[in-house]
Each structure stands twice: as structure tokens, then as C-alpha cells.
Amino acid sequence: MKTLIIAEKPDMGRNIAAAIERNAKNMRSYIEGDQYIITWAIGHLVSLAEPDAYDERYKKWNIAHLPIIPSRFKLVANKRTADQLKVIKELAARCDSIVNACDAGREGQYIFSLIQRYLQLKQPVQRLWISDLTAETIRKGFAELKPGQAYDNLTKAASARSEADWLIGMNGSRAFTTRHNELLSVGRVQTPVLALIYDREAEIAKFQSDTYYVVEASFKQGKTTYKGLWQGDRLTDQAKAQQIATAVKGQAAQIEHYEQKEVKEYPHRLYDLTLLQREANSKLNFSAKKTLDIAQSLYEKHKLITYPRTNSNYVNEQNIPEMHKALQALQGTSYGQWVEGANRSFVHAGNKSICNPAKVEDHHAILPTAKKAGSLSSDEQKLYDLIVKRFLSQYYPPAQYINHLIMTKVGEHRFKTTIKQLVALGWKVIYGDQQETPSKRKTKTSNEEDEIVELSGSFELDAKAPVQCQQAVAKEKETQPPKSYTEGTLLKAMESAGKQIEDDDMREAMKDCGLGTPATRAATIERLKQVGYIHIQGKKITITNKGKAAIELVRGAGVELLTSPEMTGMWEKRLNDIARGQASAEQFMENVKKFASMIVDKVKIQPAAAKDQFAQAEKPVKKKGARTAAAKAGKGSTASGKQRAAAAAVKSLTSIAACPRPNCSGFIIKGKRGYGCSNYKSGCGFVIWKDSFGRELTDSQIKALAEKGKTARLKLIMSNGEEVQGKIILKNRSSGELDIEM
């Protein structure tokens, strides 16, 4: 009898057949050769059954029927792909052994295990575990097949993940939806991710900007000029700042301290999927899902990169020769000049920034393969370019700089200067077309008053020679609120369970405690979009009214644990421990069942939410005086004469237009982030955000929207990043929701 090979997708099945059964016959839904029959799943052919498979009464959502805790989970066939499942069953009956050739990861393992369980396949199983789909790698993988039971712990972890998501999702979503009469989606991973966004937006909304001043002085010594910032306690008094500037301008100065330090910047680590998604979002404006889809195409269809769904930035020792082959294959391509300049001695097993087997579990970092690129779409080429350049940079020396730290004293005043002088580009030569001219580039540090000036030319200074302060100015600054998440920064937060970790090594250690996996994070973000919890303007992610209500209700019910990124991250770590055989899947599931039951118990006694909680817009941030006066004015005749006078004064200064909400007597006030109604405390939720469709709206455009319902024709940016010409229209006069009219 023959061996049945089950791949995850048709492309993968055809690649395998081409490598090991070249004369096989293509039978449309499978390929048959002399030794093997190769077929495939089409994603998930089998899934966990819906609640009504356990009891007919669960067809209707009723909080009295909760919690739903199956003693044993049932499986059902996906109706859309039932024919392919039937094919697998018939083929399996003709074979005495099976090879699991689904994707080499937790999800691929789960897809196969569901098919195996549903069809009750009893044949012995071997596992194909490969990281790219080149013919050489496939043949090598078949020569090194492992017994299927070697991956039993991974199967247990995959099943526990899926069943835990079912328990939390089914019970949580049904409980909150039926209690509050609004479709509310709740999930083990999606809810804490939504909480990250909610908390960030809340920080921004409550942020009060403070004005402060910095004094910047310009110094000259011979032909050398440089600037320094005044050192001392933050200046909040403009007069004092101006006094300092006046006191030092035109005065003789001396260098109190001058320190030079040679530093090296080594190439950035190779890509894992999350890092690739982050950079593609930042540099190419790709969504996380788009990056994953393109990477999967480069892997499956074009066979140009290794397995993309990896969480490692390192390779194993056996990958080093493969890297050298891939480098060789890039000769004669558009990357040829970088191949010529590459130094192969940098890439070796002893280089721990590249080769670190202890930090490679299922899959190594994403690498280009030794296959030459053919015809690629524009987006495929852009992502491939990111991967290839990151790979090539490992073959180059570090960039070299001299850091200059200068403390200049003028009388009793000290000024600090930090200069980063480029000596040798090193690996950064590969990115030469993407570099800013560093001659005067400024980089802000974590301290708002500090700046690093990058120079590409020479910088000479004599610490013992006098200096002249040629100019000094007092500059007004404002403290800045936290930035809204982008998909890139949200992925970074998900990777470290919300912890703000800048250090690469610390973030590496947190990977096991992240929210979701590299392969599922994009899907989580997409899910939040689909259920109406978030929307994206340009790159910026903001939370919708429904999203805010969902988090507030979950926390209000007393199940804050469901919104905790750290706690959910620890659950993900436990799943990884199960996959390694270091934790019990049964104990994990018992804890999840208890938690699901607790959610239901808490929600049952929660007061039902008012309907307008889901429609009320976020209140704009206003100046304190305007907020107080406008709120009091909204109380109508109950306000005192003084209050009405104050409100009238505010209105005369800040009113943009009458509030367009029906039956509202308020007026539109300009806030820090948006334009909202003065009657917000009386229940008017009208708000228009300043940043809409890729541009910052002006007062006159807001006035046009409020009075005419539309703006003039403008250059706008759609949520997918596409630039269009159109009018912004007021879609909802009650909430302030906007749309584009082409």
C-alpha cells in the first residue's frame, strides 16, 4: 500500500509532489505517484462544534443557559470544504501510513489533528517538519521524518488553545450580549488587546499639555559651530528663560567638559514575523494581515523565503551554509553590488547575534532562500526587499561613530551638546537610498530637552581654547501626549503583553508571555476591526464608542482579569509550556473552565447598560476654563448669571458653529484632539476628530460640515492607505461620524 501525505494547502502539496514524485498524476484534488498519494487540507476542514450541537436550546442566546461547558468537545466538518474532507477519507482507506505535512507550527499541527480525530484515522503517522519549500529542503525533510507522537505535546497545546478560546468566546460573548442587548464580542486574546488600545486612548484624552521653555545657544570656535541646550530645572517662566538667553548671548564661553567615545552599531537582528510586520507597517504602511499574506505567498507560491510564522530572530548552526548559498544566489540580481561587498566571515556559528540555537524553537528567523526571484507583484517585491536587505546586512561590519559630549559654560549657565559623528557606514551602506542626510539630523531622546545631532562630516574642537556664544534664544515647548497605537506599535505591545520594553534582550525574554502568537496577532487586529471596536485612520488606531463600552462593561462586571494583557500573556506562556511538556493541558483547561463560569456569574448580576452607552461619542479634550464654562452653560436656566456670562464669553471666543445634533442648543468647541458640543455633560455626544482621513481638519472645514454637511473637495487618505480626491461628509448628525463622498 501507499503512504498518504496531507499538506495544509494545495500549493504546498504540489511543491511536495514535484520534489518527491516527479512522474505523479494530478487528479485535481490529489496527486498520485508510485509511492505516495499527496493531498491537502484547505485551511480548517474540521472545527469545534457550535453550542447547539450539544443542546437544541443553545440555538437561542439566553443568559439563563450559561455557562456552556462541554465535558468533551465535539467536532464538525466545514460544509464549504466537505468534499475535500471526503477525498482525504477515501484516500486514507487506500494507504497504510500517513505523513503530516501541514505547516510546521502549532496551527498546522492542530489542522492535521482535527482531520485525524474527525476521520478516526488509525494509521501510523510521521511528521514532515521543514522551514522552506525548495525541492532540496523537502527531500531532506522526508529523509528525516519523525514519529508523529514526538509532537503530541504540541497537539495538546494547540487543542487547549482552541478549546480555551471557545469557552471564553462563547460564554463571554453570549453573556455580555444578552445582558446588555448589544452584540458584544469577547475573547481570550482580543479583549486584552482592545484594553491596551482603550487605556492608551484614555491617557491621550485626559492628557493636559504643559507649556515650558528651553534655551538654545549657538557656539563658535574657529570654523567649528555647534548648539547646546541650557541645563537645569525645567523652565516654566518665559521671562526667566528670556533672561538666561539675554545673559549669555554674545558672551565668552569655556568648555567645561569634553568627552569623545567611539561606538559601533551592529546590524539589526534577522526578522521574526512580528518584527517584519512592525517594520512593514512603519515603512510600507502594510497592515499586519497584509504583511502575513504577502510573506505566506513569498514562502508558498514563490519559495523565495523560509517559513514566515516564526517567533525567532536567530538561526541554528545548520542554517549557516544555507545562508551562504542564499547569498551566492543573489549574485547577478539587483542586489549584486551588495553581494560583491559582502564579507562571509561575519556569518558563522560563533556569531551569537545571528546563530543562537538556544533561542530557536520550532523555526529559525526569516531568510531568503537560494531560489532566484521571478515575477513579483509590487507589494511582494517591497516585502522581499525588506527581508533580503536585513539578511545582507549581516554580512557587513558595524557602522562606526564618535559620540561627542560637550558641556559649555557661559558665566553661571551650562549648556549640553551631544553629537553623533559618522565615521564609517558599515552595514548601513545597504540602506543608503533610505537614509536621511545626516549632516544636521536631530534625534530626540527620552528626555524631551535633549537632542542628538548626527553629523557625517568632521567635527573638531579644542577643549582648552575659548568659545564664543554667538546667539541664544528661548523657545516655547509643550509636553506631548502618548501617541495612539499603530498596527506596528500594537504588535510590539502584544509581543510583550503590553509592557513598554525597549531593551531587545528583555523583549526577547517576554516573547513567551505575549498576547497571541506571531501567526495569530494579525487576525486578532482584523477581528477588532470587523466587530466595530477599532478603526484606523492612516496608520493611527483609535477605539470606537462600542469598543470603549465593551471594555467598560467587562471591567464594570468585575472580570478585569479578562482585560489584563499580563495575565493573558501568562496563559500564552502556559500553552508554550504545554507544548514543551512542562505543564499540564488538563490543569490549564480546568482553570479556563472556572474562569468562564466566573465571567457568566458576574455578568448575570451586572446592571444592564443604557443603549446610548454604545452610541455616545468620546468627549473632546478642552481647555480647563472652556470645559467648565461650557458644561455649566449646558445646564440652561439652572446656571447662574455669572456662569451664563462665562459661557457666553467662551462661546464668543471658541464657538465654531451651532451643534448640528437635532434638538441640541449647544455649540461646537475646539478641543485638543477634536471638535465637540458644549452640551456634552447634558448628554450630547457629537464629536468630530481633528485627524480624519489622513489630514488635520481646519475650523472652516468643521464649520462647513456642521452647517452644510460636507467640505469642499480635498486630498484624502482611505483606511487602506490609498490616496483619493473627495469630499468629507457628515454621515451622522447625532454622533459626528464622517464618511467620504467621491
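## Exercise 1: A loop serine

The side chain of Ser-564 comes to 3.0 Å from the backbone nitrogen of Met-567. A polar contact is a pair of N or O atoms within 3.5 Å; within protein, one must be able to donate a hydrogen and the other to accept it, and residues adjacent in sequence count only if both atoms are side-chain atoms.

Before you go on, note that this is a predicted model: local features need pLDDT of at least 70, side-chain atom pairs count only at pLDDT 80 or more, and totals for chains, interfaces and linings use all residues. Residues are numbered from 1 along each chain as its sequence is written, and side-chain values use heavy atoms, with hydrogens and water left out.

**Task.** Find where Ser-564 lies, and decide: is Ser-564 buried or exposed?

**Solution.** 
- Step 1: Ser-564 sits in the loop that runs between α16 (545-556) and α17 (565-579). Helices (H or I, at least four residues) and strands (E, at least two) are DSSP runs, numbered from the N terminus.
- Step 2: Recall the cut-offs: buried means under 20% relative accessible area, exposed over 50%, and partly exposed in between (1.4 Å probe, protein chains only).
- Step 3: With a relative accessible area of 17%, Ser-564 is buried.

## Exercise 2: The whole chain

**Task.** Find how many helices and strands the protein chain has, and what percentage of its residues count as buried.

**Solution.** 
- Step 1: The secondary structure comes to 21 helices and 28 strands.
- Step 2: Of the 742 residues in the protein chain, 53% count as buried.
- Step 3: Now turn to contacts (heavy atoms within 4.5 Å). Among contacts in the protein chain with a separation of 6 or more, 72% come from residues 24 or more positions apart.

## Exercise 3: Strand β7 and its partners

**Task.** Which strands pair with β7, and over how many bridges?

**Solution.** 
- Step 1: Two strands pair if DSSP finds at least two bridges between them.
- Step 2: Strand β1 (residues 2-7) runs parallel to β7 and is joined to β7 by 6 bridges. In this pair, Ile-5 stands opposite Val-99 of β7.
- Step 3: Strand β8 (residues 125-127) also pairs with β7 in the parallel sense, over 3 bridges. Here Val-99 is opposite Gln-126 of β8.
- Step 4: In β7 (residues 95-101), 6 of the 7 residues are buried, so β7 is largely enclosed by the rest of the structure.

## Exercise 4: Two helix pairs

**Task.** Describe how α6 packs with α13, and how α5 crosses α17.

**Solution.** 
- Step 1: Axes are lines fitted to C-alpha atoms, for helices over the stretch in contact, and angles run from 0 to 180 degrees between N-to-C directions.
- Step 2: Angles under 35 degrees count as roughly parallel, over 145 as roughly antiparallel, 65 to 115 as roughly perpendicular and the rest as oblique.
- Step 3: The axes of α6 and α13 are 11 Å apart, and the helices pack at an angle of about 125°. That makes α6 oblique to α13.
- Step 4: In this packing, Val-193, Leu-196 and Ile-197 of α6 meet Leu-490, Ala-493 and Met-494 of α13.
- Step 5: Helix α5 (residues 152-180) and α17 cross at roughly 150°, and their axes come within 7 Å. That makes α5 roughly antiparallel to α17.
- Step 6: The residues making this contact include Leu-154 and Ala-157 of α5 and Leu-575 and Ile-578 of α17.
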